[in-house]
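Dear colleague,

Please find the structure below, handed over for your own work. My findings follow directly after it.

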Amino acid sequence: MEQKWIDLSDTLIKAGKYYLPRLTSQLLSSRYDAGCAVIREVPKRTGNRIEAYAALWQAYEERLEDWMEIGTVFVSPAIAGNGVCGEIMREIVALAPADKNLFLVTDVMPVMRAAEELRFVPVTLETFTIPIKLVRELLGPDRKIPESICPHCFSGGRRTFGVPKNGERWFFYRPA
Ligand SMILES: CC(C)(COP(=O)(O)OP(=O)(O)OC[C@H]1O[C@@H](n2cnc3c(N)ncnc32)[C@H](O)[C@@H]1OP(=O)(O)O)[C@@H](O)C(=O)NCCC(=O)NCCS
């Protein structure tokens with residue numbers, strides 16, 4: 001295993017933002033070898049370093065094969081703030097087969113912004129009637145259902161659904 005994958009795995013684990021079972025160097029590199037990940041890397045004297053990564057992942061329930069998740073979106077502090085997040089998300093969407101429904105879960109504004117530019121819609125019980133059961137099957141039992149799926153505030157006695165905000169976990173969906 002090349003050191004760059006081991007270092008990426010360490011960095012992503014330390015970030016504490018990602019679904020842990022995906023963060024082994026083997027899985028991160030095998031997504032790339034399978035044409036299901038994009039990276040940015042810089043040459044170093046001791047071997048390249050990966051400065052950005054994003055991948056397509058299967059849904060938790062294998063039978064949901066018409067769904068794929070965009071996940072593990074990472075841009076290192078060394079190149080952050082230059083729109084790389086939007087670039088790698090555009091590239092990863094382009095890699096996805098056209099007949100797949102795509103989804104992602106995030107609480108970070110740059111990813112939300114890029115998702116909306118790529119025609120993802122933020123899912124609430126009001127905007128899209130994706131059954132919670134399906135979301136559970138897509139994410140698996142270890143992951144929390146994003147708050148956006150449930151009405152998360154009350155105003156004047158009525159449920160309201162809000163818009164994506166930094167720090168709130170939202171589920172985004174892009175139909176095939
Ligand atoms: C979030 C992340 C992917 C953004 O990548 P990026 O290429 O720097 O994104 P952009 O250049 O499009 O946007 C950067 C902007 O977002 C802001 N930003 C970065 N991280 C942020 C965060 N956690 N919350 C809010 N804003 C954030 C920056 O201040 C910058 O603002 P500016 O455009 O006003 O200067 C990258 O910072 C990262 O990997 N962070 C650590 C892990 C993480 O949160 N990953 C996302 C999991 S879904």
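N166 sits in the loop that links β7 (158-160) and β8 (170-174) of this predicted model. The residue counts as exposed because 12 other C-beta atoms lie within 10 Å, and the cut-off for that class is 12 or fewer. Leaving aside residues up to four places away in sequence, N166 touches V108 and M109. L64 lies 102 residues from N166 along the chain, and the C-alpha atoms of these two residues are separated by 29 Å.

The ligand site may be of particular interest to you. Around the ligand there are 18 residues, and those that come nearest are V75, A80, C85, T106 and P110. Three elements, β3 (67-75), α3 (84-95) and α4 (109-117), each contribute at least two residues to this shell. Sorted by class, the shell around the ligand consists of eleven nonpolar residues, six polar residues and one charged residue.

I also examined helix α2, which spans residues 25-33. Its buried residues are L28, S29 and R31. They are placed on the same side of α2 because the arc they cover around the axis is only 155°. On the face turned away from this buried side, α2 carries the exposed residues Q26 and D33. The buried residues are covered by elements that include α1 (3-15), β1 (37-42) and β2 (49-58). Just after α2, the backbone at G35 adopts a positive phi of about 75°.

Among the elements covering α2, helix α1 deserves a separate description. The axes of α1 and α2 are 8 Å apart, and the two helices pack at an angle of about 115°. The crossing of α1 past α2 is right-handed. On the α1 side, the contact is formed by W5, I6, L8 and S9; on the α2 side, S25, L28 and S29 take part. By class, this contact comprises four nonpolar and three polar residues, with no charged ones.

With kind regards

Methods: Residues are numbered from 1 along each chain as its sequence is written. This is a predicted model: local features need pLDDT of at least 70, side-chain atom pairs count only at pLDDT 80 or more; totals for chains, interfaces and linings use all residues. A residue is buried if 20 or more other C-beta atoms lie within 10 Å of its own, exposed if 12 or fewer, and partly exposed in between; C-beta atoms are placed from the backbone. Helices (H or I, at least four residues) and strands (E, at least two) are DSSP runs, numbered from the N terminus. The arc is that of the directions from the helix axis to the C-beta atoms. Two residues are in contact if their C-beta atoms, placed from the backbone, lie within 7 Å. A residue is near a molecule or strand if its C-beta atom, placed from the backbone, lies within 6 Å of it. Ala, Val, Leu, Ile, Met, Phe, Trp, Tyr, Cys and Pro count as nonpolar, Asp, Glu, Lys and Arg as charged, and the others, Gly among them, as polar. Axes are lines fitted to C-alpha atoms, for helices over the stretch in contact, and angles run from 0 to 180 degrees between N-to-C directions. A crossing is left-handed if the near helix is turned anticlockwise from the far one by less than a right angle, and right-handed if clockwise.
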